[in-house]
Structures are given as structure tokens and as C-alpha cells.
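Subject: Handover of a structure and the findings on it

Dear colleague,

Please find below the structure that I am handing over to you.

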Amino acid sequence: MRIGELARATGASARALRHYEQAGLISSERAPNSYRVYDERAVTRVRNIRYLLDAGLTLDDVRVFLPCLDGDLTAAPPSGQGLRVALDRLAVLDARIAAQTAARDRLREALRERAGDRGRPVG
């Protein structure tokens, strides 16, 4: 299948598919007209890549899951390395959320102080 067909089948953009290929997560052959041609198995692989990315992992993180990307990723037991990557990414996300929450709280408090000067309530 060509890149547009793979994009439609997976919901990924052609640009994302080229990016996944450049990252070594998917591969294609070149047709005589130089178009990329993907194997039917690429649909499952791309869906699994998108699942992991949607879960908060990065493309570098996804590389750890290469041996599992062609099957039912959600049914397979996690490898030790895969579990470590997921837990590390969760810690990064938790830290970012905490930092953003603290920034929001500081901004809210600053706005309340300013609104108090004017007698207006703030969120």
C-alpha cells in the first residue's frame, strides 16, 4: 500500500509516517516510480506506535517496544525494559504536571492579589 493508504488506514499523517520511517520504526520499499510502498503489516505497527505515543511515550521510548509492535501490544505482557521506560516516562509527566500546576497556582494567586486591589473576583 502507498503512504496515503497507510495514512487513511491508521489515522496518521503522511508526514508522521515518514518521520516514523526515518526513526527506524517502520520501513517501506520503493516502487519503480519511487513511491513508498508499505506491507499490510505496517497498519498494525503504526497503530501500535500511535497507541504508545498517545500514552505519552516518545519515539525514542517506542524503540524499546519494536519486538512487540507487529502484534497485539495491549495483550502482551510488558518486558522489564518496556516497563522501566513507561515508569520513567510517567515520572517525567508527573514532574511536568506538578510544575505546570505550581505555575498555574502562582498566576492565580497573583491575579487574586491584583483583583483584590480593584475589588473584583478572579477565578
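**Pockets**

The largest pocket has a lining of 20 residues, and L52, L57, F65, G82 and A86 lie nearest its centre. Two elements give two or more residues to this lining, namely α3 (42–54) and α5 (80–118). Helices here are DSSP runs of H or I with at least four residues, strands are runs of E with at least two, and both are numbered from the N terminus. The most is given by α5, with 7 residues.

Please note that this is a predicted model, in which local features need pLDDT of at least 70 and side-chain atom pairs count only at pLDDT 80 or more, while totals for chains, interfaces and linings use all residues. Residues are numbered from 1 along each chain as its sequence is written, and side-chain values use heavy atoms, with hydrogens and water left out.

A pocket is found on a 1 Å grid over the protein atoms alone, as an open set of points where a 1.4 Å probe fits, with protein on both sides within 12 Å along at least five of seven lines; its lining residues have an atom within 4 Å of a point. Rolling a probe the size of a water molecule over the atoms shows where empty space is left. The largest pocket holds about 350 Å³ of space, where the volume is the space filled by probe spheres set on grid points joined across faces, edges and corners.

What classes of residue make up the lining of the largest pocket? There are 16 nonpolar, 3 polar and 1 charged residues. In this scheme Ala, Val, Leu, Ile, Met, Phe, Trp, Tyr, Cys and Pro count as nonpolar, Asp, Glu, Lys and Arg as charged, and the others, Gly among them, as polar.

The second largest pocket has about 190 Å³ of space. Its lining includes L25, I26, Y38, R41, A42 and D70. By class, this lining has 5 nonpolar, 2 polar and 5 charged residues. D70 is located in the loop between α4 and α5. The C-alpha atoms of D70 and A42 are 7.8 Å apart in space, although the two residues are 28 apart in sequence. D70 is partly exposed, with a relative accessible area of 45%; buried means under 20%, exposed over 50% and partly exposed in between, with a 1.4 Å probe and protein chains only.

**Salt bridges**

Side chains of opposite charge can pair when their charged atoms come close. A salt bridge is counted when a side-chain nitrogen of Lys or Arg lies within 4 Å of a carboxyl oxygen of Asp or Glu. The count by this rule is 7 salt bridges.

One of them joins R63 and D60, whose closest N and O atoms are 2.3 Å apart. These two residues are 3 residues apart in helix α4 (residues 59–63), so about one helical turn separates them. R63 is partly exposed at 33% relative accessible area, whereas D60 is exposed at 54%.

A further salt bridge is formed by D61 and R89, with the closest N and O atoms 2.7 Å apart. This pair links distant parts of the chain, with D61 in helix α4 and R89 in helix α5, 28 residues apart. Are these two residues buried or exposed? D61 is buried, at 10% relative accessible area, and R89 is buried as well, at 17%.

D105 and R108 also form a salt bridge, their closest N and O atoms being 3.9 Å apart. Both lie in helix α5, 3 residues apart, about one turn of the helix. D105 is partly exposed at 36%, and R108 is partly exposed at 30%. A network of salt bridges links R104, D105 and R108.

**The loop between β1 and β2**

Most residues other than glycine have a negative phi, and most peptide bonds are trans. S34 is not a glycine, yet its phi is positive, at about 75 degrees. S34 is found in the loop between β1 (29–30) and β2 (36–37), and at 47% relative accessibility S34 is partly exposed. P32 lies in the loop between β1 and β2 and is exposed, with a relative accessible area of 89%.

Yours sincerely
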